[in-house]
Amino acid sequence: MITLSWGSLAALIRRADVVVETVDARVPLNTRSRRLERLVETMGKPVIIALNKADLVPREVAEEWTRIFRGEGYEAVYLAAREHKGTRVLRKKINRATDVRPVVVAVVGYPKTGKSTVINALRGRAGASTSPVPGSPGFTKRPGLYRGPGQIYFLDTPGVIPPDGNPLEKTLRGAPPEKLKDPVGVAAELYKFIKKYNPEAFEEAYGFDTGEPYSFLEELARRRGWFYKSDHEPLVEEAAKALLYDYHKGKIPFYVPPGEYWR
Ligand code: GDP
């Protein structure tokens with residue numbers, strides 16, 4: 001994961017006509033960046049908030065979130081980019097956001113919110129390859145840009161916002177588990193966070209729950225056969241990382257109800 005400095009993010013946005021901010025539909029307020037939104041606004045460019053991974057939340061919840069963001073004056077759509085659902089609406093919103101043609105789009109967001117998946121889905125068939133190859137449909141003579149359908153071009157560098165906040169917030173914002181100083185502590189906090197919104201989440205995802213984070217991680221390690229060689233105690237740290245990866249992959253069913261911000 002290569003995050004950009006705020007200086008390079010600003011340089012990226014300067015080249016775009018419209019910015020699509022990807023957020024995770026399970027935790028939209030924790031995965032949006034007000035700092036990014038303000039930066040784009042001061043440059044006088046429109047922001048479209050794309051609530052991605054909408055397949056992980058009920059439709060009414062995704063719809064309510066779009067109303068909340070529109071109430072704040074942002075254009076907002078929900079989509080499930082991995083399933084290519086909702087991309088037509090996003091394309092329409094991009095075209096309506098500006099009169100500039102062709103329109104150059106920057107997709108910006110925290111890690112793991114689905115920027116690459118959104119770009120690929122929006123590009124349609126041309127999105128199969130990840131790098132522009134001369135002569136392919138995705139190739140364009142405009143350097144640094146991918147050609148999408150119609151008059152849409154994408155900056156080939158997604159804007160990756162560096163995850164900020166406390167350790168749990170950083171995790172919600174896509175910080176990779178191996179980069180965390182205390183994965184067990186963070187996994188325990190994430191366990192409590194998720195359980196608050198779906199008490200059955202762990203039972204549903206793993207087929208068991210102990211009701212308490214540390215005993216849950218121990219039991220997960222035991223069931224997976226992860227033990228220290230020295231004393232055969234369960235490898236809690238491995239279990240913690242597995243849980244954090246499963247959260248990122250959307251394997252643990254939960255979502256924050258519309259309008260709720262956790263801190
Ligand atoms: P990026 O780091 O923001 O570029 O995010 P990626 O595009 O690499 O996606 C991060 C993870 O989220 C990957 O495992 C994707 O498969 C997954 N993902 C992306 N879009 C969706 C979606 O619409 N629904 C679900 N459930 N997962 C998605």
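Of the 18 residues around the ligand, the nearest are Arg82, Gly114, Lys115, Ser116 and Thr117. Keep in mind that this is a predicted model. Which helix gives the most to the shell around the ligand? Helix H6, residues 115-123, with three residues.

Now the strands. Start with E2, residues 47-52. Six of its six residues are buried, so the rest of the structure largely encloses this strand. Look at the two faces. Val47, Ile49 and Leu51 point one way from E2. Ile48, Ala50 and Asn52 point the other way. All of them are buried.

What pairs with E2? Strand E1, residues 18-24, runs parallel to E2 and is joined to it by six bridges. Within that pair, Val19 stands opposite Val47 of E2. Strand E3, residues 75-78, also pairs with E2 in the parallel sense, over four bridges. There, Ile48 has Glu75 of E3 as its bridge partner. How does the chain get from E2 to E3? It crosses through helix H4, residues 59-71, and this β-α-β crossover is right-handed.

Last, helix H8, residues 183-197. This helix has 15 residues. From first C-alpha to last, H8 reaches 21 Å, close to the 21 Å expected at 1.5 Å a residue. Which residues of H8 are buried? Pro183, Val186, Ala187, Ala188, Leu190, Tyr191 and Ile194. Recall the helix geometry: with 3.6 residues a turn in an α-helix, residues three or four places apart point the same way.

How values were computed: Residues are numbered from 1 along each chain as its sequence is written. This is a predicted model: local features need pLDDT of at least 70, side-chain atom pairs count only at pLDDT 80 or more; totals for chains, interfaces and linings use all residues. A residue is near a molecule or strand if its C-beta atom, placed from the backbone, lies within 6 Å of it. Helices (H or I, at least four residues) and strands (E, at least two) are DSSP runs, numbered from the N terminus. The expected span of a helix is 1.5 Å times one less than its number of residues. A residue is buried if 20 or more other C-beta atoms lie within 10 Å of its own, exposed if 12 or fewer, and partly exposed in between; C-beta atoms are placed from the backbone. Two strands pair if DSSP finds at least two bridges between them. A crossover is right-handed if, with the strands pointing away from the viewer, the path from the first strand over the helix to the second runs clockwise.
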